[in-house]
Amino acid sequence: MGAYTVTPIFKGGWLIWEKAEEVCMYLVCGNKRAAMIDAGMGTGNLLSEVSALTDLPVLPLLTHGHPDHYLGVMSCPFVYLNEKDHALMRHYIELDAREAGTEAPPVPEIRPLQAQFDLGGLTLRTVSLRGHTQGSTGFLLEEEKVLFSGDGLIYNVWMQMEESTSLEEYRTTLKNLQIFRPCFERIWTGHGTGALDAGHLDRVTKLLDAVIEAPFGVPTPPDQPPGIIADGEACQITYRLDNIETETQKKEASYEY
Ligand SMILES: [Zn+2]
């Protein structure tokens, strides 16, 4: 078996699943151009996989600045990423190079996201999923009633990262996302093996409310960034106690690298 498994998910749309980290990437083809949503770990030749599916020019769109979502497009001349995650992506590129004892590789030009991407007959609308990272973003494809959510809304939302927002700020993000709730029925996430239903938004919000009200859960296993895993109905949130705000202790949600 190669690095990737390719599965059609609607007309002109494919899930490209990478065995490493069970990363999910998505190719969406309009009639003028295509979008590659996330790029995975780069354990295979993603771009040749994509060129076997389409001849259209491909826009690489990133849901956020974590390495398991961008490494497959490092040879592209440019990528699109929410500006709030640009410094994060550069930070991880330099960190990887330092750890490997090499020079940082040539980096694609990192362009800010547009409000929407017109693919010709299909339009991807950019929506904020700020929480997991400051710049986490989803792409809404109304024509297919699909939200591509990266790690921003997923089975287990990792909110324990240094670059994550407070749980309260994430709750605001999910509340704002309710405006778009009529526009999607399925959520294709950044890891896993299948789509979630739109009700996942409500289940995560409910769990978030419960955790903010009275924190609970079990410690993460040793191979994961330290945090507390709270179980809800068919969903989980992993968090740190210090990313819950209190009435007296509001913190600034900005991180410098
Ligand atoms: Zn991530």
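A residue is called buried if 20 or more other C-beta atoms, placed from the backbone, lie within 10 Å of its own, exposed if 12 or fewer do, and partly exposed in between. With that in mind, I turn to strand β3. Strands here are DSSP runs of E of at least two residues, numbered from the N terminus.

The model is predicted, so local features need pLDDT of at least 70 and side-chain atom pairs count only at pLDDT 80 or more, while totals for chains, interfaces and linings use all residues. Residues are numbered from 1 along each chain as its sequence is written. The mean pLDDT, the predictor's confidence in each residue from 0 to 100, is 93 for the protein, and 95% of its residues reach 70 or more.

Strand β3 covers residues 23-29, and because 7 of its 7 residues are buried, the rest of the structure largely encloses it. In a regular strand, side chains alternate between the two faces of the sheet. On one side of β3 lie V23, M25, L27 and C29, on the other C24, Y26 and V28, and all are buried.

What are the partners of this strand? Two strands pair if DSSP finds at least two bridges between them. Strand β2, residues 13-18, pairs with β3 in the antiparallel sense over 6 bridges, with G13 opposite V28. Their hairpin has 4 residues between the strands, and E21 there takes a positive phi near 65°. Strand β4, residues 34-37, is also antiparallel to β3, over 4 bridges; A34 in β4 is the bridge partner of C29. β3 and β4 form a hairpin with 4 residues between them.
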